[in-house]
Amino acid sequence: MSRSVQEMANNGQEPPGRYCYADSDDKCSFPVMGIPIVDISLLASPSSTNQELEKLHTALCSFGCFMTINHGISSSFLDKVRSDAEQFFGLPLKEKQKYGREGDSIEGYGNDVIFSDDQMLDWNDRLYLIISPQDKRLLKFWPLNPATFRETLFEYTKKLQLLAEIVLKAMAMSLNLEENCFLDQCGENPMMRARFNYYPPCSKHHQVLGLKPHSDSSLITILLQDKEIEGLQILKDDEWFRVPIIPETLLINLGEQAELMSNGLFKSPVHRVVVNPDKGRFSQAVFYHPDPEKYIEPADGLVNETRPRLYNKVKNYFSNYARYYQQRKRLVDALKV
């Protein structure tokens, strides 16, 4: 494990060379992206409105992401999720290290796993946990301080499982597929992983990145942003755009597995996180993955003479993803027929 980024920032230390990119442009000066906003309550109704499904379809084909409103999770509860994470990262380093990741595993508290001597490192610390299915949870990595952390995360997991099912059904219907088409490929034991991020401020914020450019390994990612500090940016049409903060919304982002299952109709956006020079930033991402033992492939209803199968089938996508991520490549591109 590389050194705690938070401790380096707290000590006023400048980032070591492995965190610094040659590109030192002002990464915060890009335009704001007009991300579509989708009403989840309309998608969840028995007779989902065609208008909302069309909006979802356009968002996922053009942007690869959308903001949600009326998602059924109160703003006070989302604040509780944020508060518990902030309290954890505010603990002394020795206390956080009780939950430190082990070896080359990503689960637990830490930062970048080091794969090579020339690897560029991300300016963040994180807590990474498997939250579902229940029998895959390793509670030794789940903080007991703050005292409410586990209870809050148990409840958050339940709420996001319901949200994910609504979104995946709507994604299928927006492509004129049977509503359980994508859910069926996930199997009986889809896996959810939570990542709590802290991006400390940095005097050389132009030269570091909180997260290097990548697309997610997931089927979908549900992101709770910081309430005040921007940082997420999305690449669209070869230009970077800032993702705005919209109170009480959740951002849902397509992962590479959605691009594969949709036979390339949906796009998994390349994104990155930039660092603020003066203030730390928090975010919480939950990644929804199909059962790693199930093969996934393009949906049959999306393969025909005019649009042949674009990708080979694959299982355990996540385990093959990391080496492509570190090379700034996408696994989904390597799976093209």
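Okay, ground rules. We're looking at a predicted model, where local features need pLDDT of at least 70 and side-chain atom pairs count only at pLDDT 80 or more, while totals for chains, interfaces and linings use all residues. Residues are numbered from 1 along each chain as its sequence is written, and side-chain values use heavy atoms, leaving out hydrogens and water.

Let's start with the cavity. By cavity I mean a set of points, on a 1 Å grid over the protein atoms alone, where a 1.4 Å probe fits but cannot get out. The search of the whole structure turns up one of 30 Å³ or more. The largest cavity holds about 40 Å³, with volume being the space filled by probe spheres set on the points, joined across faces, edges and corners. So who lines it? Lining residues have an atom within 4 Å of a point, and here they are Val81, Asp84, Phe149, Thr152, Leu153, Tyr156 and Phe196. Helix H4 (75–89) and helix H6 (149–174) are the elements giving two or more residues each, and H6 has the largest share, with four. Helices here are DSSP runs of H or I, at least four residues, and strands are runs of E, at least two, numbered from the N terminus.

Keep Phe149 in mind and turn to the rings. Rings of Phe, Tyr and Trp (its six-membered ring) pair if their centres lie within 6.5 Å; planes under 30 degrees apart are stacked, over 60 edge-to-face, and the rest tilted. That rule gives 13 aromatic pairs. In one of them, Phe88 and Phe149 sit 6.5 Å centre to centre with 50 degrees between the planes, a tilted pair. Phe88 belongs to H4 and Phe149 to H6, 61 residues apart, linking distant parts of the chain. Are these two buried or exposed? Buried means under 20% relative accessible area, exposed over 50%, partly exposed in between (1.4 Å probe, protein chains only). Phe88 is buried at 0%, and Phe149 is buried at 2%. Both also belong to a cluster linked by ring pairs, whose members include Tyr99 and Phe282.

Last stop, the sheet. It's an open one of four strands, ordered E6-E11-E8-E9, with antiparallel pairing; strands pair if DSSP finds at least two bridges between them. E6 (211–214) and E9 (239–242) are the edge strands, each pairing on one side only. Three bridges join E8 (232–236) to E11 (271–273), and Leu232 has Val273 as its bridge partner in E11.

Technical notes: 1 Å grid on protein atoms, 1.4 Å probe; cavity = no way out; pocket = protein on both sides within 12 Å on 5 of 7 lines; lining within 4 Å.
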